[in-house]
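Opening the notebook on a new model today. I want to go through it one spot at a time and jot down what I find.

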Amino acid sequence: MSAEEQACLEGARELLEETGLIASNAKFLGHIWPDSGLLGTRVAVICVETNSALIPESSDGEVDSRTWVHPNEVNHLIHSGQMRDGISLAAYALWRSSIAP
């Protein structure tokens, strides 16, 4: 199994654990480095599809709440400062670049 396939499996497992959602069609987008100045740790970014009609199963309790937004709303969340953590911003940029024409 390739490292990319392993990242997709691990990402799908984390999605299930954290949200209760089941991933399908996982695609490896690349890696980001949350703190490239101090740590060499990288984070794999994957894109998955889920069945939004399904009610999520229970999660592992690590997430207090979740909010689902349409991808078109993310730019507003970034601009307004509601979405500002570096990992999410880097993952979003990687995803946007993967769908750009």
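This is a predicted model: local features need pLDDT of at least 70, side-chain atom pairs count only at pLDDT 80 or more; totals for chains, interfaces and linings use all residues.

**Thr19.** I checked where it sits, and Thr19 belongs to helix 1.

Which backbone oxygen does the Thr19 side chain reach? I found that of Leu15, at 2.6 Å. I then looked for backbone nitrogens and noted that of Leu21, 3.1 Å from a polar atom of the Thr19 side chain. Between those two, I also looked at Gly20, which follows directly after helix 1 and has a positive phi of about 85°.

**Helix 1.** Next I checked the length of this helix, residues 3-19.

Which residues of helix 1 are buried? I listed Ala7, Cys8, Glu18 and Thr19. Looking down the axis of helix 1, I got an arc of 105° that holds its buried residues, so they line one face of the helix. I also asked what covers them, and the cover includes strand 1 (24-32) and strand 2 (43-49).

**Aromatics.** I searched for ring pairs and got one aromatic pair in the structure. It is made of Tyr92 and Trp95, with 5.9 Å from centre to centre and 35° between the planes, and it is classed as tilted. Stacked would need planes under 30 degrees apart and edge-to-face over 60, so 35° falls into the tilted class.

Where in the chain are the two partners? I placed both Tyr92 and Trp95 in helix 3 (residues 86-99), three residues apart, which is about one turn of the helix.

Then I compared their accessibility with the cut-offs. Tyr92 has a relative accessible area of 12%, so I put it down as buried. Trp95 is at 22%, so I logged it as partly exposed.

**Whole chain.** Last, I zoomed out. I counted three helices and two strands, and the order along the sequence reads α-β-β-α-α. Of the 101 residues in the chain, 16% are buried. The chain exposes about 7400 Å², and I noted that carbon and sulfur atoms supply 54% of that. For contacts between residues at least 6 apart in sequence, I found that 49% join residues at least 24 apart.

Key
Residues are numbered from 1 along each chain as its sequence is written. Side-chain values use heavy atoms; hydrogens and water are left out. Helices (H or I, at least four residues) and strands (E, at least two) are DSSP runs, numbered from the N terminus. Buried means under 20% relative accessible area, exposed over 50%, partly exposed in between (1.4 Å probe, protein chains only). Contact means heavy atoms within 4.5 Å. Accessible areas come from the Shrake-Rupley method with a 1.4 Å probe; for residues, only the protein chains shown count as cover. The expected span of a helix is 1.5 Å times one less than its number of residues. The arc is that of the directions from the helix axis to the C-beta atoms. A polar contact is a pair of N or O atoms within 3.5 Å; within protein, one must be able to donate a hydrogen and the other to accept it, and residues adjacent in sequence count only if both atoms are side-chain atoms. Rings of Phe, Tyr and Trp (its six-membered ring) pair if their centres lie within 6.5 Å; planes under 30 degrees apart count as stacked, over 60 as edge-to-face and the rest as tilted.
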